[in-house]
Amino acid sequence: MKTINVKEITELVRDLCIKANYELPCDIRQSFVDGAHTEQSPLGREIFEKMLENCDMAKRNAVPICQDTGMAVVFVEVGQDVHLTGGTLADAVNEGVRRGYRDGYLRCSVVGDPLRRVNTDDNTPAILYTSLVEGDSVHITVAPKGFGSENMSAMKMFTPAASKQDIIDFVVDAVCRAGSNPCPPVVIGVGLGGTSDKAAYLAKRALMRPVDQTNADPLYQEMEREILRGVNALGIGPQGLGGTVTALACAIEPFATHIAGLPCVVNIGCHVTRHAEGIL
């Protein structure tokens, strides 16, 4: 049994909040490089170059990549052989978010109640997902989510009679309707199966997959390719100003579901689909 004081979790979450907002994941930066070569629009290629300049400047100068530093979404995988001491996991995570957004001079965008709309002034509470896994470590991923992209989420409760093409068309249409709002080129997360809430979780989790990786299952791998082709044929382009690269990647995460249902949720990540991870 490994003992971890939750103060360590607070410190790690603090650091990850800052890192995720300052440093773009290497795979996404590389997709900008690739996009600058494959984009057919001259303006689109120029935008890719500006995006690269922006993310490199943010890292070099230790400033946020984007002014919307997001709502903190935190995934915590706790090994079943870990004993947490010194307080609760949720309190530790929220304290880490509080310190990270304060120390990193990150914009606080969270309101404490959806209707009263009073800012909490420290970007808490975080959206916290926990899971119990094998082992004696704690794996934490912090994914700040801006709402220009989050507001473009879409859900459809398909019947089991729905075809692969029906699902592909729904995802492509969701991106089409989103237009320039999520600051393309986007990353597309798709949750398929489970219940409505599980599909939403899967769609958000799918955005954490490296953009240069595909689903291991050939069925979903092909669907990801078809969705990507369909989205990039829309002509929305970088920042919505036209072009051939509207999406950097599509990731489908499937799960078992009921015989009478087929939930599908689309969660769109902007071109700075930020996340950072660490292990204790």
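**Notebook: sheet, helices and ring contacts**

I began with helix α7, residues 196-206, and found that it lies across β2, β4 and β5, running at about 95° to β2. I note that the model is predicted.

I then looked up helix α4, residues 89-103. Helix α4 also lies across β2, β4 and β5 (138-145), but runs at about 140° to β2.

I recorded an open sheet of four strands with mixed pairing, in the order β4-β2-β5-β10. Its edge strands are β4 (127-133) and β10 (276-279), each of which pairs on one side only. On average, neighbouring strands are turned by 15° against each other, direction ignored.

I examined the pairing of β2 with β4. Strand β2, residues 71-79, pairs with β4 in the parallel sense over seven bridges. I noted Ile127 in β4 as the bridge partner of Val73.

I turned to the aromatic rings and counted five aromatic pairs in the structure. For Phe75 and Tyr129, I found ring centres 5.5 Å apart and planes at 20°; the planes are under 30 degrees apart, so the pair is stacked. Phe75 belongs to strand β2 and Tyr129 to strand β4, so this pair ties together parts that are 54 residues apart in sequence. I checked accessibility: Phe75 is buried at a relative accessible area of 3%, whereas Tyr129 is partly exposed at 30%. Ring pairs link Phe75, Tyr129 and Tyr201 into a cluster.

Finally, I looked up charges over rings. Arg205 lies over the face of Phe75, 4.4 Å from the ring centre. The charged end of Lys198 sits over the ring of Phe255, at 4.5 Å from its centre.

Conventions:
Residues numbered from 1 in each chain as written. Predicted model: local features only at pLDDT ≥ 70, side-chain atom pairs only at ≥ 80, totals over all residues. Heavy atoms only, no water. Pairing = 2+ DSSP bridges. Helix = DSSP H or I, 4+ residues; strand = E, 2+ residues; numbered from the N terminus. Axes fitted to C-alpha atoms, helices over the stretch in contact; angles between N-to-C directions. Contact = heavy atoms within 4.5 Å. Phe/Tyr/Trp six-rings, centres within 6.5 Å; stacked < 30°, edge-to-face > 60°. Buried < 20%, exposed > 50% of the residue type's maximum accessible area, 1.4 Å probe, protein only. Lys NZ or Arg CZ within 6 Å of the ring centre and 35° of its normal.
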